[in-house]
Amino acid sequence: MASVLTVAVAPTPASAVPHPPPPPGTVGTQGVYPLRTSYANSDLSSVRAWSVTWTVPQSTNNAWGVVGQWFSNIEGGIYYTDTEGWWVYYYGDDNGLTGNNPDCFESWGTGGHCLSWGANLPIGKQVTFVYEYCNASKAFNANGPYICLYVNMNDGVGNRYLMQDLPRAEGPEMYTHDIEHFADSGATEPVISCTNPTKMLGQKVRINSAAWTNLTGSAFDFVDEQANYEFRNVNYTASPATWQSCTPPSNACPGPVWSPKRNYVANDQLYWNQRKYRAIVASTAVRPGTSATTWQDLGTC
């Protein structure tokens, strides 16, 4: 779980939060984000609130893993351990945990592990995280000095307050990590079921003081850095845009995965969103499936 994002550029993860106790001493303090998406807005500072809704996936090998997001150095999401299943967490509260949700105990110096309503989450459960610029009383304020993080368990209770902190000094950031693992510290990578995958059910934003608006596919940069995980069923045109991510079968889509950072030339071949493509002309950051004059669709893989 980590962060660094410059405006309109895909994030480059830095250090991740350590695993919480229990169990202690099994994994180090870093994490890897093989799949990420970032909001491709030229002015992230105009985003004053952000809502992200996930569906809890199935980890078929019981390896530790995380699904979550960062907004201005504040992280929230769901965390999986082999002893506790999926549970809600938050991280990055640098001004102390006093006054935070009492159902979440301190797992790190700046974050918590939520019990009761936030623990033992079943596969398929919908969980929504909401970030808002806010004032000292935790009310939305587009010009407020703080950012508040809430979680909505979609159980009729509404938003549950998790934490409040100052925005990060380095400037705004806003991205998801659809799958995080801890192989960099020797842990087994999670196998995420493609039958019960991680599902992004939609994102919304408030630009300055405007009303909430859905984000469609043109709003996102997708980054896939490991062939053993992939985005699937990406629906660019839906409002909000939706997608899934999982560990595909070993023979599902061999070959390089499309990257928005790479400069492609004619006849380059790759796969994206469960389909093979061949470059017709040179391009950079033109997603396969969005331009028939840039990419030739070679069918499913």
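Biologist: Is Cys246 buried or exposed?
Modeller: Cys246 is buried, with a relative accessible area of 1%. Buried means under 20% relative accessible area, exposed over 50%, and partly exposed in between, with a 1.4 Å probe and protein chains only. Keep in mind that this is a predicted model, where local features need pLDDT of at least 70, side-chain atom pairs count only at pLDDT 80 or more, and totals for chains, interfaces and linings use all residues. Residues are numbered from 1 along each chain as its sequence is written, and side-chain values use heavy atoms, leaving out hydrogens and water.

Biologist: Which cysteine forms a disulfide with Cys246?
Modeller: That is Cys194, with the sulfur atoms 2.0 Å apart; a disulfide here is a pair of cysteine sulfur atoms within 2.5 Å. Cys194 is partly exposed, at 27% relative accessible area.

Biologist: How many disulfides are there in the whole structure?
Modeller: Three. Another one joins Cys134 and Cys148, whose sulfur atoms are 2.2 Å apart. The torsion about that S-S bond is about 85°, so the disulfide is right-handed.

Biologist: New topic: what does Ser283 contact?
Modeller: Leaving aside neighbours within four places in sequence, Ser283 is in contact (heavy atoms within 4.5 Å) with Arg262, Asn263, Tyr264, Thr294 and Trp295. Ser283 is buried too, with a relative accessible area of 10%.
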